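Hello,

Here is the structure I promised to hand over.

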Amino acid sequence: MAKILIKNIKGLVQAGENIPAVRKGSQMQELDVMEDAYLALEDSEVIGYGLMNDWEGIIDWRDVEIIDAEGCFVLPAFIDSHTHAVFAKTREEEFVDRIHGLSYEEIAAKGGGILNSARKLAALSEDELYEAAKIRVEKIIQSGTGALEIKSGYGLSREGELKMLRVIKRLKENMPISIKATFLGAHAYPVAFKENKRGYIDLLIDEMLPIIQKENLADYIDVFCERNYFSVDEMEEILKAGIAIGLKPKVHVNQFNILGGVKKAVELGAISVDHLEEIDEQDLEALKNSTSIPTLLPGCSHFLSIPYGDARRIISAGLPLALASDFNPGSSPNYHLMTILSLACVKQKMTPEEAINALTINAAAAVELSDTHGKIALGRRSPILMTKEIPSLAYLAYAFGEDHVQRIFL
Ligand code: NIG
Ligand code: FE
């Protein structure tokens, strides 16, 4: 029986029995922080928490590990609701090309980008891909992430997509955090189908989805709805085929252009709509009448030097907002959600409270983990993060690039 008592916590964050599953609009500014608190865990289950003043006598165990968290904050570990953490190789050469003036779209048009990752992935075996991804997920956990979504989308062939999804399934089985799998076969048209888009959509729907269903390889279906990638109509067809086998939509929309994908994805019951670097009134209206979680990816905006999603406009519309890393080798080679927290505050003018809600409860909602993740409450077992000694909660966003994580309790 592993018993842990964390005492003298400077601030116990997002702990309570009445914290909502999602905070929207002005509620996003609300954040529960209990000062001078304790937290008691038994076999990683939360069995008590409260003010240090009320602590004496509550815990009288033997064999208890006592951790003194003087000067430290304790929070639910962050949730990364959008990643492409399974990939073959990094793409620094494209990064250097962009420094020399090429755009992300120009690089993609000459066979780089997602197609470059697909070529590299085709050359690796499932085991090689798994080993590389496993090391990455271990680092992700150490950075303070306590649940993860991972997409396919660098296979772009039957073999490649299934290889990726089987790797994600193995990670789900073997890694000590919750992982959700998303089928993103519609990430780009592969070279062989450049002139035969119908053929690729048929391949996704008729050949990949049945195997995904049979082997239970995915929770969600995603489409990159964007000019030169998949149109709104194509997205609709692919999402509907996924829905028919029990996958729920989570989509890439409005990264560069507004095509009407937000409204369509919302109509189809999208759990989240992600990117939204561009957004208009129609999109906001559609989101207001939905439960879809708008999700911004400021790491991608930073790395590609494209506009940041307009967090203030989304929050002012009374909507909830989640943040995620979009960790991938092309547009956001960063998985540190502390960096995302800082970018959200500096570049999107979110307050630290809003950004912490966006990375905890709202991110949990974006991967349907609200019942287990995103807050600290009695009986819960999800990962918990303890910071180093820091002067305030805002310091997490302020001191960007500093390593704030002292320990993660899985
Ligand atoms: O979310 N936008 C589409 N897909 C990824 C980038 C993929 C890549 O360049 O490898 C994204 O940014
Ligand atoms: Fe993405």
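**What was found**

K263 counts as partly exposed, at 37% relative accessibility. (Buried means under 20% relative accessible area, exposed means over 50%, and partly exposed is in between, with a 1.4 Å probe and protein chains only.) Before the rest, some ground rules. This is a predicted model: local features need pLDDT of at least 70, side-chain atom pairs count only at pLDDT 80 or more, and totals for chains, interfaces and linings use all residues. Residues are numbered from 1 along each chain as its sequence is written, chains are lettered from A and ligands numbered from 1 in the order in which they are written, and side-chain values use heavy atoms, without hydrogens and water.

**Salt bridges**

K263 forms a salt bridge with E267. The closest N and O atoms are 3.7 Å apart. (A salt bridge is a side-chain nitrogen of Lys or Arg within 4 Å of a carboxyl oxygen of Asp or Glu.) Both residues lie in helix 8, residues 261–267. They are 4 residues apart, about one turn of the helix. (Helices are DSSP runs of H or I with at least four residues, strands are runs of E with at least two, and both are numbered from the N terminus.) E267 is partly exposed too, at 48% relative accessibility. The pair belongs to a network of salt bridges that links E236, K240, K263, K264 and E267.

By this rule, the count comes to 26 salt bridges. One of them joins R407 to E65, with the closest N and O atoms 2.9 Å apart. That pair links distant parts of the chain: R407 sits in strand 15 (residues 405–409), E65 in strand 4 (residues 64–68), 342 residues apart. R407 is partly exposed, with a relative accessible area of 31%. E65 is partly exposed, at 36%.

Another salt bridge holds K120 and E93, at 3.0 Å between the closest N and O atoms. Here K120 is in helix 3 (residues 114–122) and E93 in helix 1, 27 residues apart. K120 has 23% relative accessibility. E93 has a relative accessible area of 38%.

**The iron site**

Which residues coordinate the iron ion (ligand 2)? They are H82, H84 and H252, each through NE2, and D326 through OD. The distances run from 2.1 to 2.2 Å. (Donors are N, O and S atoms within 2.8 Å of the metal, or 3.2 Å for Na, K and Ca; water is not among the atoms, so sites may look incomplete.) Along the chain, the donors follow the spacing H-x1-H-x167-H-x73-D. H82 lies in the loop between strand 6 (78–80) and helix 1 (92–99), and H252 in strand 10 (residues 248–253), so this pair ties together parts that are 170 residues apart in sequence. Both H82 and H252 are buried.

**Surface patches**

F95, V96 and I99 form a nonpolar patch on the surface. Together they have about 270 Å² of accessible area. (Patch residues have over 30% relative accessible area and no salt bridge; like charges are joined within 9 Å, and nonpolar side chains, meaning Val, Leu, Ile, Met, Phe, Trp and Tyr, within 5 Å. Areas come from the Shrake-Rupley method with a 1.4 Å probe; for residues, only the protein chains shown count as cover.) I99 lies in helix 1. At 58% relative accessibility, I99 is exposed.

E35, D36, D68, E70 and E389 form a negative surface patch. (Lys and Arg count as positive, Asp and Glu as negative; His and the chain ends are not counted. The charge is placed at NZ of Lys, CZ of Arg, CG of Asp or CD of Glu.) D68 is in strand 4. D68 is partly exposed, at 43%.

Best wishes
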